[in-house]
Amino acid sequence: MTTPPPLRALMDELESQAEADRDPATTPDVGVIMGSDSDLPVMSGAHDALVELGFAEQTDYDDPPDARFTFETYVVSAHRTPELMDVYARTAEDRGLEVVIAGAGGKSADLPNMTASLAYPLPVIGVPVQEKSVDSVIGMPTGAPIVAVDAGKSYNAALSAAQILARSHDDLRERLVERHEDLKAGVADDSRRLHELGTPAYLEEMDRGE
Ligand code: AIR
């Protein structure tokens with residue numbers, strides 16, 4: 001079977017980036033991949049969390065964003081384009097990625113687990129896009145590790161990716177700590193407001209989208 005030119009071009013681009021020997025400060029730190037663009041509404045949670053933490057999305061390898069931490073996003077199908085999955089995973093470390101977030105849906109959600117095996121020892125965080133994808137994402141044999149989040153929790157996958165990077169980047173560690181403190185303050189605000197308004201008024205406020 002021949003490789004269609006657009007697929008060949010994408011694979012060649014990844015291979016050439018792996019050989020480019022770029023300054024690590026200019027290459028993406030986190031790779032976000034998904035089995036289909038139909039996964040994007042779920043996988044965009046990873047984008048949201050990364051942007052909240054100050055990451056920028058890198059869309060042009062020759063023109064990296066100013067932000068210190070960056071991520072890239074691709075569609076890579078384990079079953080429709082296994083050759084792209086292979087090249088993506090095998091070049092990931094040489095292209096400067098520190099961690100990959102991989103999401104797939106359906107019952108054959110094999111992109112996360114196969115990417116984890118091919119990219120090893122690079123850590124891969126699997127996101128089952130649907131509940132029915134959980135078993136196929138996490139069901140790895142002994143010696144073939146994957147880290148995974150619950151169905152749909154791409155936002156948490158991004159936080160986990162940032163935690164991995166934060167072990168060697170203090171400023172990122174600080175951002176994670178600040179974010180956690182904001183989260184705690186938010187729960188405290190909710191708690192006080194629920195207590196002070198009482199249940200019916202609080203529910204009305206929620207219905208109004210406040
Ligand atoms: N998928 C894509 N290639 C291999 C798999 N398992 C998954 C996608 C998506 C689902 O199949 O991750 O969640 C359905 O894809 P589509 O493109 O038909 O919407």
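**A quick look at the fold, its helix contacts and its ligand shell**

P121 sits in the loop that runs between helix 4 (111-119) and strand 5 (124-128). A cis peptide bond, with omega about 15°, links Y120 to P121. Keep in mind as you read on that this is a predicted model.

- For context, most residues other than glycine have a negative phi, and most peptide bonds are trans.
- D21 isn't a glycine, yet its phi is positive, at about 55°.
- You'll find D21 in the loop between helix 1 (5-19) and strand 1 (30-34).
- Is D21 buried or exposed? D21 counts as exposed, because it has 8 C-beta neighbours inside 10 Å, and the cut-off for exposed is 12 or fewer.

**Overall layout**

- The chain has eight helices and six strands.
- Reading from the N terminus, the order of elements is α-β-α-β-β-α-β-α-β-α-β-α-α-α.
- Taken along the principal axes, the C-alpha atoms fill a box of roughly 65 × 40 × 35 Å.
- Of the 210 residues in the chain, 34% are buried.
- Look at contacts with a separation of 6 or more, and 67% of them are between residues 24 or more positions apart.

**Two domains**

- Domain 1 covers 5-168, and domain 2 covers 170-210.
- Where the domains meet, seven residues of domain 1 contact five residues of domain 2.
- On the domain 1 side of that contact there are five nonpolar residues, two polar ones and no charged ones.

**Helix 1 against helix 3**

- As a reminder, two packed helices are described by the angle between their axes and the distance between the axes.
- Helix 1 packs with helix 3 (residues 82-92) at an angle of about 10°, and their axes are 9 Å apart.
- The pair therefore counts as roughly parallel, since the angle is under 35 degrees.
- Helix 1 brings L7, L10, M11, L14, E15, Q17 and A18 to this contact, while helix 3 brings E83, L84, V87, Y88 and T91.
- By class, this contact of helix 1 with helix 3 has eight nonpolar, two polar and two charged residues.

**Helix 7 against helix 8**

- Helix 7 (residues 170-197) and helix 8 (residues 199-207) pack at about 125°, with 6 Å between their axes.
- That angle makes helix 7 oblique to helix 8.
- R193, L194 and L197 of helix 7 make the contact with A201, Y202 and E205 of helix 8.
- Sorted by class, the contact of helix 7 with helix 8 has four nonpolar residues, two charged ones and no polar ones.
- How many of the nine residues of helix 8 are buried? The count is zero, and helix 8 is hardly covered.

**Around the ligand**

- The ligand is surrounded by 15 residues.
- Which residues are the closest to the ligand? They are G35, S36, S38, S77 and G105.
- The shell around the ligand has eight polar, five nonpolar and two charged residues.

Definitions and conventions: Residues are numbered from 1 along each chain as its sequence is written. This is a predicted model: local features need pLDDT of at least 70, side-chain atom pairs count only at pLDDT 80 or more; totals for chains, interfaces and linings use all residues. Domain bounds come from an automatic or database domain assignment. Two residues are in contact if their C-beta atoms, placed from the backbone, lie within 7 Å. Ala, Val, Leu, Ile, Met, Phe, Trp, Tyr, Cys and Pro count as nonpolar, Asp, Glu, Lys and Arg as charged, and the others, Gly among them, as polar. A residue is near a molecule or strand if its C-beta atom, placed from the backbone, lies within 6 Å of it. Helices (H or I, at least four residues) and strands (E, at least two) are DSSP runs, numbered from the N terminus. A residue is buried if 20 or more other C-beta atoms lie within 10 Å of its own, exposed if 12 or fewer, and partly exposed in between; C-beta atoms are placed from the backbone. Axes are lines fitted to C-alpha atoms, for helices over the stretch in contact, and angles run from 0 to 180 degrees between N-to-C directions. Angles under 35 degrees count as roughly parallel, over 145 as roughly antiparallel, 65 to 115 as roughly perpendicular and the rest as oblique.
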